[in-house]
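Dear colleague,

Please read the notes with the structure open beside them.

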Amino acid sequence: MEKIAHTFPLEHGHEAGHDHEAQGSPEHHGPGFWGTYIFSPDHKVIGLQYGLTSLAFLLFGFFLMLMMRWQISKPGVPVPLLGPLLEKVLGSAAPHGALSPDLYNSFGAMHGTIMVFLAIVPLAFVAYSNFVLPLQIGAPDMAYPRVNMASYQAFVLGGVLMLTSFVIPGGAAQAGWTSYSPLASLVPTDGQIFWLVGMVFIITSGLLSAVNFIATVIQLRAPGMTWMRLPFFVWAQFVTSFLLLLAFPPLEAAAVMQLMDKVAHTSFFLPTGLAVGGAYAHISGGGSPLLWQHLFWFLGHPEVYVLILPAMGIVCEIIACNTRKPIWGYKSLVYSVLSIGFLSFIVWAHHMYLTGMGTKVAWFFQATTMIISIPSVIILTCFFISLWGASIRFNTPMLFSLAFLPMFGIGGLTGLPLGFNISDVHLHDTYYIIAHFHYVVAPGTIFALFAGIYYWFPKMTGRMMNEFWGRVHFWGSLIFMNIVFMPMFAQGMAGMLRRMADGGANYSAAVNSKAGADVIGGLSNNIMEMHTWILWGACLLGVVQIPFIINLFWSIRHGKKAANDNPWEATTLEWQTASPPPHTNFAVAPHVYRGPYEYSVPGHDTDFTPQNEPPK
Amino acid sequence: MDFPYIVEPRRDTGLYNAKLGIWLFLASEVMLFGALFSAYVLLRVGAEPGMWPHGWLNIPIGTANTIVLITSSITTVMAWVSCKERRYGRFKFFHALTILLAMTFVCIKSFEYHDKFTHYEVTLANGKFADGHLMERSKDFDLAKHTGSVTIHGYEVDNEADLMDLHRPEAKNIQREEITIPATEIKFMERYGPWHHTYLAIYFTLTALHAFHVICGAVVIGFLWGPGTKMWRTDPERFTNRIEVSGLFWHFVDLVWIFLFPVLYLL
Amino acid sequence: MSSHETHSVRGYIFVFLALIAGTVLTVWASFIRFGSAEINIAVALTIATVKAFLVVAYFMHLISERKMIYLVMGFTAFFFAALMGLTVWSLQPNSLIHI
C-alpha cells in the first residue's frame with residue numbers, strides 16, 4: 001500500500017511536499033498537481049471536491065428558482081439582468097428574455113433535480129462523510145479510496161449531462177423532478193433522455209459512496225471505537241448510506257425502463273389506449289403509470305431522510321461542542337435513527353394517496369407514516385433537552401444549529417396533515433407541500449450544512465471564517481427564508497397548485513369568472529400579492545449569501561489563524577490531529593477510551609475530554 | 001498509519017474490506033433486479049386476461065444456458081480453491097473455463113435475441129394475423145407503396161389472442177409453413193422487439209441487464225486471469241481474496257439467472 | 001481468511017449436481033398442468049429459492065460467515081419483499097368503505 005506521505009493540498013507552514021518517500025522508484029516525486037488536486041484518492045481532497053462542486057450546483061439551482069419566482073410574480077415580463085443571456089442561449093424558449101411556460105416547467109424540473117441530487121445529497125451526505133467520517137472514527141482513509149475517486153467522477157459526469165440538457169434542442173427535462181410517465185415519455189425533447197442517463201450516473205456515484213462509507217464504518221474504526229462510542233454524526237451517515245444503498249437501485253431500474261419507453265418505444269409505463277394529440281399512440285400498451293410512481297417513491301421517500309439525517313448528525317456535533325455538555329439521550333438518538341432508517345422504506349405511498357389506492361393500503365401507509373414521525377421527534381427532543389442548563393457558546397455554527405431546531409420542527413409538524421390521507425387529499429400538489437418540504441430542507445438541512453462549513457473550516461484549513469460576516473449570513477438567511485416559505489402555507493391552503501407558470505393567475509381567473517369573485521378554488525388578491533413578498537425575500541436571500549461566498553474563499557488564505565488544532569475544544573477524534581490532517585490522518589493510530597461527548601466531566605482539568613486521551 | 005484489513009480479516013466481523021464491499025454492492029444489485037422483477041409481476045398481474053404470452057421463448061436453449069452458468073459457478077469456486085491451495089496452474093485452468101462458459105452464455109443469448117428480431121407479427125388487412133420468422137422480402141417490397149411481398153415461415157390466426165399462449169394443448173397442432181403475403185394485404189408488421197409487448201419489454205430489459213453483468217464479470221475475471229496475475233507473485237493471499245470477491249459477483253450473476261429462467265421461460 | 005475454510009471439493013460437486021437436478025426438475029414441473037397457474041408459479045419459485053440458497057450458502061460461503069453479512073442481506077431481503085409485496089397489494093382494489 002501507499003507509503004507516499006505527500007501533504008494535503010491546503011496545508012501550508014508544514015513541510016509542504018518535501019517529506020515523501022517514494023516506493024521503489026527514486027525519481028518518483030509525489031503525485032504532482034493532477035494527482036493531488038484532481039485525481040486524488042485521498043478522502044479529504046474528494047470531500048472538498050464534492051463540497052465545492054455541490055455548492056456550485058446549489059447556487060445554480062438557486063438562480064433557476066429566482067427566475068421562476070420572477071415569472072410567477074410577473075408572467076411574461078423579461079427577467080432582469082439575465083433575460084438577454086437567456087434569450088441568447090435558449091432562443092425561442094425565452095422570448096425577449098421572459099420564461100415561456102415550457103421553459104418554466106423545465107426550470108422547475110431541473111431546480112428540483114439539481115437541488116436534491118446534485119447539491120444536497122452530494123454535500124450533506126458525500127462531502128461531509130468524506131471529509132469528516134474517517135477522521136471521526138480514527139481511520140487512515142475510506143475503505144476503498146479509488147472507488148471513492150470514481151464516485152466523484154461519475155457524479156461530475158452526471159452533473160455535466162444534466163447541465164448540457166439545457167442547451168439541446170427542445171431543452172431540459174420538463175416533467176417535474178419526479179418525471180412521471182406518460183408525460184415524461186411524451187415530452188418532445190431529448191432532455192428527458194439526458195435526465196435519465198444523468199440519473200443513472202448520479203445513482204451509480206451514490207451507490208459507490210454508500211458501499212464505501214458502510215464498509216469504512218464497519219471495518220476501519222480505530223481500536224476502542226465501539227459502536228456506542230461513535231459520534232452521532234457517524235451513525236447518521238451510516239444509516240443514510242444504507243438508505244441509498246437499498247433505495248437507489250429501484251429508481252435506477254425505473255430510469256432504465258423509462259429510457260426504454262423513450263428510446264425503444266416500449267410501454268413499461270404507458271397504458272393501453274393512451275392517446276396523444278388526439279390520436280392513439282402507436283405503442284403496445286399494457287404498461288402502468290403507477291409502476292413508475294411506486295418505483296420512484298420507493299427511492300423518493302428514503303431520499304428525504306437522506307436529505308435530513310446527515311443534517312441531524314452535523315447539528316448534534318455542534319450542539320454538543322457548544323453546550324459543553326454531553327448530548328442528552330445518546331442511546332435514544334441511535335435507536336431513533338436506526339428506526340427511521342428501517343421505517344423509511346415502508347412509507348413511500350403517502351406520496352401517492354391520490355392515485356386511487358384502496359383504503360386498506362392507504363391505512364397501512366398512513367400508519368407507518370405516523371409511526372415514523374415518532375423517532376424524528378425523539379431526535380429533535382434530545383437536541384432541545386441538551387440545551388437545558390447548558391453553557392451555550394453562540395458562535396456562527398451554533399446559531400445555525402439552534403435555528404435548525406425550530407425550522408425543522410415547522411417542516412416536520414407541517415408534514416403531519418400530509419401524512420393523513422384525508423387531509424392530504426386537499427393539500428396534495430399545492431403550495432403547502434412546497435412550503436413543507438422546503439422548510440425541512442432549506443432552513444432545515446441547508447442551515448445544518450452552513451453550520452458544518454463554519455465548524456469544520458478550521459479543520460480543513462487551519463483558519464477560522466470571519467465571525468461577523470457569519471452572523472450577517474445567519475440572520476439574513478433566517479429572516480429571508482421565512483419570508484419566502486411561510487406565505488406558501490397560506491397559499492397552499494387557499495388552493496394554489498404547484499407547477500403553474502403564472503403563479504395560479506389564469507386558474508384563479510377562470511374559476512372566479514365562472515361563479516363570481518372569491519369563491520372556493522379562486523385565489524384572493526391577498527394570496528396573489530404574497531408572490532411579491534416571496535420574490536423580494538428570495539432576492540434578498542440571494543444577496544445575503546454573497547458575504548458567505550466571499551467569506552468562504554477569502555478565509556482560506558486570510559482568515560484568522562486557528563488558536564490550535566482544536567479551536568472549538570471538541571472531544572471527537574477529528575480535532576485530535578493536525579489542521580489540516582496529514583495524508584494518513586493520524587501520525588499514530590488513535591486508541592479510543594470513552595464516548596464522544598465527554599464534556600464538563602467532574603474532576604477533569606479542562607471542560608472537555610478527548611476520546612483518545614488515555615485514562616489517568 | 002498502515003491500511004488495515006486489506007488481506008487479513010478484522011476479528012469481530014470476520015471479513016476483509018473487499019469482501020464486505022462486494023456483499024454490500026450485491027445487496028444493491030438485489031434491489032436493482034428486484035425492482036425489475038416487481039415490474040414483471042405488476043405488468044403480468046395488470047395485463048388483460050389471456051393477453052400475457054407463454055411459450056414465446058425456447059426452453060431447451062434456456063435450459064442449456066442455465067446449465068452453462070451453473071457450471072461456470074462451480075469452475076469459479078474451484079478457481080478460488082486452487083488459489084487457496086496455491087496451485088497456480090489449476091487456478092488458470094478453471095478461470096479460463098469460467099470465461100469460456102461466460103462467452104458461451106452470451107453467444108447463446110445473442111442467438112436468442114436474433115431469433116426474436118427476425119420474428120414478425122403481421123396484421124393483415126382483413127383483420128387476421130400472420131405470425132412467423134421472416135424468410136425473405138421481395139426486392140420491390142415497400143409497405144408504404146404497397147408493392148412487393150414478404151415470405152414468412154409461420155401461420156395465420158383469426159385473433160391476436162391466439163398468438164399469446166403457445167403452451168396451451170391446441171398449440172401443438174399449429175402447422176408452420178411458408179406463407180407469402182403481398183404488401184397490399186398487409187396493414188402493419190412488427191418485429192418481436194421490446195416495443196411489441198410489455199412481456200418482451202421486460203424480457204429484453206431483464207436479460208440485457210443480466211447479460212451486461214455477465215460481460216462485466218467476464219471482463220473482470222479475464223483481467224484477473226491475465227494482467228492481474230502479477231499480484232500472485234507479490235501477494236498471493238491478497239490475490240486469492242480478489243479471486244474470491246470476483247467469484248462472489250459471478251455467483252450473484254448465476255443467482256439472478258436462476259430466477260430469470262423459470263420466471264421468463266417457464267411460467 | 002478464516003480458519004474454517006477447509007472446503008471439500010466433493011461438497012462443491014454435490015451442490016453442483018443438486019443445482020443441475022433442480023434445473024431439470026423445474027423444467028419438468030413446468031410441463032405438468034397443476035390445478036391453477038398459481039401452483040405452477042409456487043413450484044417454480046420454490047425450486048428456484050432452494051437452488052439460490054445452495055449457491056448463496058455454499059458457493060458464496062454465506063453459511064460460514066459471521067453475523068454482519070447476515071444483517072446486511074437480511075435487511076435487503078426484507079426490503080425487496082416489501083417493494084414487491086406492497087406494490088402488488090396496492091394494485092388490488094380493496095376498500096373498507098364503499099363510496
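Two residues are taken to be in contact if their C-beta atoms, placed from the backbone, lie within 7 Å. In that sense, and leaving aside neighbours within four places in sequence, Val315(A) is in contact with Phe383(A), Ser401(A), Phe404(A), Ala448(A) and Ala451(A).

Before going further, please keep in mind that this is a predicted model, in which local features need pLDDT of at least 70 and side-chain atom pairs count only at pLDDT 80 or more, while totals for chains, interfaces and linings use all residues. Residues are numbered from 1 along each chain as its sequence is written, and chains are lettered from A and ligands numbered from 1 in the order in which they are written.

On confidence, pLDDT is the predictor's confidence in each residue, from 0 to 100. Chain A has a mean pLDDT of 91, with 93% of its residues at 70 or more. Helices (H or I, at least four residues) and strands (E, at least two) are DSSP runs, numbered from the N terminus. Within chain A, confidence is highest in helix H12 (residues 396–413), at a mean of 97, and lowest in helix H17 (residues 505–515), at 70. Please treat two stretches of chain A with caution: pLDDT stays under 50 over residues 1–7, and also over residues 9–28.

Turning to the interior, a residue is called buried if 20 or more other C-beta atoms lie within 10 Å of its own, exposed if 12 or fewer, and partly exposed in between, with C-beta atoms placed from the backbone.

Where the chains meet, the contact takes 36 residues from chain A and 30 residues from chain B. On the chain A side, helices H7 (191–219), H8 (232–263) and H9 (289–323) each supply at least two residues, and the largest share, 10 residues, comes from H8(A). By class, this side of chain A has 25 nonpolar, 10 polar and 1 charged residues, where Ala, Val, Leu, Ile, Met, Phe, Trp, Tyr, Cys and Pro count as nonpolar, Asp, Glu, Lys and Arg as charged, and the others, Gly among them, as polar.

Chain B has 6 helices and 5 strands, which follow the pattern α-α-α-β-β-β-β-β-α-α-α along the sequence. Its C-alpha trace spans about 80 × 40 × 35 Å along the principal axes, and buried residues make up 42% of its 267 residues. Helix H1 (residues 17–45) of chain B is mostly covered, with 26 of its 29 residues buried.

Finally, Ser246(B) is found in helix H6 (residues 236–266) of chain B, and it counts as buried because it has 24 C-beta neighbours inside 10 Å. Leaving aside neighbours within four places in sequence, Ser246(B) is in contact with Val220(B), Ile221(B) and Leu224(B). The C-alpha atoms of Ser246(B) and Lys19(B) are separated by 9.5 Å, although these residues are 227 residues apart along the chain.

With best wishes
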